Amino acid sequence: MNFNGTFTQVIDELVQRVMPALVIVRGHRFGAGAGIVWDANGLILTNNHVVGRRTPIVILQNDHEYESRLLARDPDVDLALLSIDATDLTPLQPAPVPPRVGEMVFAFGHPWGQRNTVTRGIVSALVSAQNRRGDTLPVVRSDAPLAPGNSGGPLVNAKGEVVGVNAMIIGGDQSVSIAASVAKDFVTKVLARKKSEERTPVDML
Amino acid sequence: MSSNVLVELSDALADAAEKAGNATVLVNARRRMPASGIVYAPDLILTADHIVEREEGIKVIVANGTEVSARLAGRDPGSDLAVLKLERPGGVETVAEATKSPARLGQIALVLGRPSPNGIEASLGTVSAIGGPIQTGRGSMLERYIRTDSISYPGFSGGPLVAADGTVLGVNTSGLANGAAVTIPADIAWRIADTLVKHGRIQHGYLGIRSQTVEIPSALQKALQREQGTGLLIVGVENDSPASKGGLIVGDILVAVAGVPILHHDELFTRLDGDVVGKSTPIGVLRGGQPQTINVVVGER
């Protein structure tokens, strides 16, 4: 069996599949973070701390730049959901089950401004981090090297499913990712609220 | 997506972490952060000596989260290994499986630990060096050691280095090389653990000589009737030491202990182990150009 060829090939396929969903989020005057294409019609998930006071600029892999709308942000889970006017995007799927300690993961992002990097690791620990409100939040710790600029990017498993949203800052720990379940809940809540707002006249809120 | 070699490798690594993780415990035997240990037998835990700061009231948390009391059964500060005895009838179910094939350079390996009650922790790397013997920071010789390029998280000392099949390649510790992580190979660690269980400690032999490595000229090698490039020239013998009582004198070139050729200091160190302590042991020397065997009752350091 041509093991080496096969192995290199499947990693290449994984990168080819995930990379289109990796975006740049420019939310501050200096520096930028990463973001994840969450659905085909322009939903972008990123870290709250990547989004500053300005309207974040989202740059896709084809170099198209979009002014995004901020749909919601939550510092307690360090997540923000943006929307851009784009269609036919290639989103990533969240993993249906939590990852196992030891399984392989790949972090995608733009550490130190280096665009489109992939770092390899394994799930080191499934732990809880405390946020400022004192709530505990499931996070995935990995030994994949992360640096500023990885924030908001995806941590994917060997199947290319999202197991976490990279965020270095929670609890002061290095190389942690917000569990995909938290991201999924956050997006679901934001979309549900948006839907009810659309049905409800604004003056009634 | 269908399975492929990457998914299979990923699953295998998670399986290995789970298998070895079930035999990896938390050891709370010091004031600062807890460390890790390996289930060596149903009622015995192999761990790092330097993390055991008390002999009684040790708490061990096993894979299913149960807390078990333990006490120190034996320790060897020289190799930084200790064995704890669980104070629970029946002990625990999952015992670690030591590897049958020693670590190879380049092999992928998991470093496992259980530094918190929340579950197993792991990092991945490759075996980056296999070396030895080396003098440890604890004044003893380690015959062989393994180094990896993986991250050792706090509290990983005493935990296992694990092969992709879930077998244990060795015991990780930061206590032997000035805080850097090294792994004591499983065969050595298990052998030391066996002795600790039987005797509670490891004996280190003592002769009482000072020596330096010297070349053995080819004429003397002929007299020795073997090719041996170096030996240890004895330059000092302590009064009342095992060496002086046995009759070793300054100027002898030590060439063998119990029939095993000794070329360097570290080989002498390794050879003077518990097997020879207290026993009349034949020491091969060259004296006046002639090979001689002198029996010395090896002392204990």
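This is a predicted model: local features need pLDDT of at least 70, side-chain atom pairs count only at pLDDT 80 or more; totals for chains, interfaces and linings use all residues.
A:Ser175 sits in the loop between β12 (162-166) and β13 (176-179) of chain A. A:Ala95 lies 80 residues from A:Ser175 in sequence. In space, the two are 19 Å apart, C-alpha to C-alpha.

Chain A has two assigned domains. Domain 1 covers 3-83 and domain 2 covers 104-187. Their C-alpha centres lie 13 Å apart. The contact between them draws 26 residues from domain 1 of chain A and 30 residues from domain 2 of chain A. On the domain 1 side, the elements that give two or more residues are α1, β1 (22-26), β2 (33-37), β3 and β7 of chain A. That side has 16 nonpolar, six polar and four charged residues.

Strand β7 (residues 79-83) of chain A deserves a separate look. Four of its five residues are buried, so β7(A) is largely enclosed by the rest of the structure. Which strands pair with β7(A)? One is strand β3 (residues 43-46) of chain A, which pairs with β7(A) in the antiparallel sense over four bridges. Within this pairing, A:Leu45 has A:Leu81 as its bridge partner. Another is strand β6 (residues 69-74) of chain A, also antiparallel to β7(A), over five bridges. Here A:Arg69 stands opposite A:Ser83. β6(A) and β7(A) form a hairpin with four residues between the strands. In that hairpin, A:Asp78 takes a positive phi near 50°. As a general point, side chains in a regular strand alternate between the two faces of the sheet.

Chain A also meets chain B. The contact takes 21 residues from chain A and 23 residues from chain B. On the chain A side, α1 (3-18) and β9 (117-130) are the elements that give two or more residues. The largest share, six residues, comes from β9(A). By class, the chain A side divides into 11 nonpolar, six polar and four charged residues.

Chain B has 301 residues, of which 45% are buried. Its secondary structure comes to five helices and 22 strands. The C-alpha trace spans about 75 × 45 × 30 Å along its principal axes. Among contacts in chain B with a separation of 6 or more, 61% join residues 24 or more positions apart.

Chain B, too, is divided into domains: domain 1 (1-200) and domain 2 (205-300). Their C-alpha centres lie 36 Å apart. The contact between them takes four residues from each: four from domain 1 of chain B and four from domain 2 of chain B. The domain 1 side has two nonpolar, one polar and one charged residues.

Where do the buried residues of α1(B) lie around the axis? The buried residues are B:Leu6, B:Ser10, B:Leu13, B:Ala14, B:Ala16, B:Ala17, B:Ala20 and B:Gly21. They cover an arc of only 155° around the axis, so they lie on the same side of α1(B). In an α-helix there are 3.6 residues a turn, so residues three or four places apart point the same way.

Some backbone details of chain B lie in loops. The peptide bond from B:Gly132 to B:Pro133 is cis, with omega near 0°. B:Pro133 is in the loop between β8 (119-131) and β9 (134-135) of chain B. B:Asp240 is not a glycine, yet has a positive phi of about 60°. Its loop runs between β17 (230-237) and α4 (242-246) of chain B. B:Asp240 counts as exposed because it has 8 C-beta neighbours inside 10 Å. B:Ala258 is not a glycine either, and has a positive phi of about 50°. B:Ala258 is found in the loop between β18 (253-257) and β19 (260-261) of chain B. With 15 C-beta neighbours inside 10 Å, B:Ala258 counts as partly exposed.

Methods: Residues are numbered from 1 along each chain as its sequence is written. Chains are lettered from A and ligands numbered from 1 in the order in which they are written. Two residues are in contact if their C-beta atoms, placed from the backbone, lie within 7 Å. Ala, Val, Leu, Ile, Met, Phe, Trp, Tyr, Cys and Pro count as nonpolar, Asp, Glu, Lys and Arg as charged, and the others, Gly among them, as polar. Domain bounds come from an automatic or database domain assignment. A residue is buried if 20 or more other C-beta atoms lie within 10 Å of its own, exposed if 12 or fewer, and partly exposed in between; C-beta atoms are placed from the backbone. The arc is that of the directions from the helix axis to the C-beta atoms. Two strands pair if DSSP finds at least two bridges between them.
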